[in-house]
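The tour goes stop by stop.

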Amino acid sequence: MLSLQQRFPVESAINEIFIRKLRNRHVKVEHSMNFENLHETLTQFIKVQTGQSELFIENLQRLSGGASKEQFTFDLIRKSYNSDAPTTQRLMLRMDPTESVVETHRLREWQMLRAMQGEVPVPEVFWLDLEGEYLGQPAIVAGFLEGTVRPESKEDKMSGIGMYFEPYLRENLKGQFVEILAKIHRVNWREKDLSAFDVPQSNSTQANEWALNQLERAWQEDTTHAHPIMEQAAVWLRENMPVVENPVIIHGDYRSGNFMYDNNLNINAIFDWELAYLGDYHDDVAWASLSIFGGPDEQGNPLAGSLLPIEEFLERYEAASGFPVDRKRLFYYQLFSYYKMAVFTAATSLRVVYSKKTHLDAMMNFASGIGYICISELNRMLEQT
Amino acid sequence: MGPEISQFLSGMKKTVEQVVIPNLTDRFAQEQAGIVAATLGYLETIHDKVFHYELLENQLYKQLLASVITLIENDSSSSQKLNTTAESLKQHFKHDPSDENTALRAYPFIRASNEVMKESLCDIIQEQPEMPKALRDQFETLIKPFFKDIELRERAWVKGLGFDSEADQLPDIDELLYRDGKLALP
């Protein structure tokens with residue numbers, strides 16, 4: 001009988017994190033919410049990375065709002081290279097919990113953020129603790145940017161789901177939202193250092209095979225409840241996999257909640273690159289226009305990214321990217337997107353609570369509600385096939 | 001039995017909302033406490049229906065899987081894996097028979113039995129690409145209405161969590177579980 005690793009081959013870096021996850025699962029230690037040692041370990045980590053011994057950390061605080069990684073902000077105080085006067089830099093620490101709602105590789109996120117510098121707005125990344133040698137868990141230190149991710153609203157749910165933007169915000173942000181996505185897909189990734197990414201063969205289904213294998217393997221390893229609709233969806237996705245002619249960089253989680261805008265209503269950061277891979281641009285287009293993410297307008301019409309009508313989003317995307325949107329493929333990737341979201345929220349989220357390995361016990365249980373809506377949407381889509 | 005579970009839950013929810021949250025200053029703690037309060041409110045609406053939900057699924061899975069076993073046994077070209085799954089299901093039905101009054105069983109027994117049946121159905125679904133076309137068509141005819149029922153039931157079950165933009169159009173879980181004041185068994 002084949003192991004799950006043999007049944008579902010994935011990119012080599014992804015395979016590493018699956019193995020690490022299962023090893024961690026056997027360690028019977030609950031995830032601790034106590035971060036009183038973090039101040040010291042983080043200071044030591046940055047001293048080693050910078051080679052500077054005289055630096056200090058202040059205002060270390062846990063950040064709210066995320067769903068997959070533990071995030072902290074802090075001020076780094078040190079002498080600048082060209083002056084004796086101390087400078088203060090606001091930074092962010094993004095660290096793996098013991099087990100996450102989505103297990104991802106920090107080197108991939110680090111490389112992708114670096115690859116995107118100068119291409120689209122992203123936070124600057126400074127230091128990487130790949131194996132958690134200093135901080136206990138793999139982590140990235142990045143620049144902290146000021147701005148708004150989630151406008152104040154009575155309709156707020158969690159992690160960017162069903163967000164509401166006032167009409168004037170939508171009008172100002174929607175064009176940028178589409179244009180940045182088009183820019184991501186047009187980046188020449190062959191000129192970037194993306195060594196932690198396996199390159200799929202062009203004109204083949206390999207990119208989709210790896211992507212689906214990653215999700216099926218996560219489902220099989222993580223779910224605490226077998227689900228026949230999830231199984232049926234996986235069979236359909238495998239039998240109807242499109243060929244990817246020219247793989248592009250896929251953000252993997254491009255939606256409201258993962259961008260930030262400044263006071264001038266300019267998008268100044270795209271976040272959460274941890275799910276990025278090389279694949280079919282339809283994947284991001286489908287994910288960004290998924291009805292579960294986008295809150296509707298005042299008349300109840302669904303909006304892509306809570307910002308613009310879906311047809312307008314597709315038309316603008318085609319114009320900005322030069323890539324045609326094939327509606328049949330879009331259907332495939334919408335179904336794939338619901339499957340992906342269901343794996344995260346109906347399987348892994350419940351597993352990490354069951355194993356007591358998360359920093360978000362209450363939220364991860366609660367998020368399973370999204371998972372069952374996604375499974376329902378999967379069934380509706382399967383009925384159309 | 002007292003106090004009622006719903007009273008425990010509503011008491012905790014009110015305390016979290018009116019005592020704990022207003023006195024929290026940390027945004028992360030406020031966010032998590034808000035989710036705890038919302039979870040308590042959700043549990044108030046569903047806690048007394050858990051047993052009947054699982055009991056109904058137990059009966060529906062038994063009914064479906066009995067038909068699936070017949071399909072597999074009547075098809076001489078069924079694969080070894082399908083026949084093995086059908087045989088293990090028959091063994092399972094000796095442990096949890098369809099003609100028994102399952103309602104007298106303890107909740108963990110029903111829950112575990114349902115999980116065994118779900119896993120077996122998933123095994124059969126995985127075998128579809130290997131099935132002869134006629135068998136696959138017949139199997140799909142059986143599972144499509146079954147999936148529709150699951151979809152409606154699960155979506156009604158989680159609508160109280162507040163994520164569903166269609167919540168207003170969805171039935172309450174009571175409407176799907178009960179008919180004329182009794183569990184709507186097949």
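In what order do the five strands of the open sheet in chain A run? The order is S1-S2-S3-S5-S4, with antiparallel pairing. Strands here are DSSP runs of E with at least two residues, helices are runs of H or I with at least four, and both are numbered from the N terminus. Two strands pair if DSSP finds at least two bridges between them.

Before moving on, note that this is a predicted model: local features need pLDDT of at least 70, side-chain atom pairs count only at pLDDT 80 or more, and totals for chains, interfaces and linings use all residues. Residues are numbered from 1 along each chain as its sequence is written, and chains are lettered from A and ligands numbered from 1 in the order in which they are written.

**Stop 1: the sheet**

Select strands S2 (70–79) and S3 (86–95) of chain A. They pair in the antiparallel sense over ten bridges. Pick A:Ile77: opposite stands A:Thr88 in S3(A).

**Stop 2: helices on the sheet**

Select H3 (residues 38–50) of chain A. This helix lies across S1, S2, S3 and S4 of chain A, at about 135 degrees to S1(A). Axes are lines fitted to C-alpha atoms, for helices over the stretch in contact, and angles run from 0 to 180 degrees between N-to-C directions. Next, H4 (residues 106–116) of chain A lies across S4 and strand S5 (139–143) of chain A, running at about 165 degrees to S4(A).

**Stop 3: a helix pair**

Show H5 (167–186) and H9 (310–321) of chain A. They pack at about 45 degrees, with axes 9 Å apart. H5(A) and H9(A) are therefore oblique to each other (under 35 degrees is roughly parallel, over 145 roughly antiparallel, 65 to 115 roughly perpendicular, the rest oblique). Which residues make the contact? From H5(A) come A:Val178, A:Glu179, A:Leu181, A:Ala182, A:His185 and A:Arg186; from H9(A), A:Phe313, A:Arg316, A:Tyr317, A:Ala320 and A:Ser321. Contact means C-beta atoms, placed from the backbone, within 7 Å. By class, this contact has six nonpolar, two polar and three charged residues (nonpolar: Ala, Val, Leu, Ile, Met, Phe, Trp, Tyr, Cys and Pro; charged: Asp, Glu, Lys and Arg; polar: the others, Gly among them).

**Stop 4: chain B**

Colour chain B by domain: domain 1 is 5–48 and domain 2 is 49–183. These bounds come from an automatic or database domain assignment. The domain centres, taken over C-alpha atoms, are separated by 34 Å. Their contact takes six residues from domain 1 of chain B and seven residues from domain 2 of chain B.

Definitions and conventions: Contact = placed C-beta atoms within 7 Å.
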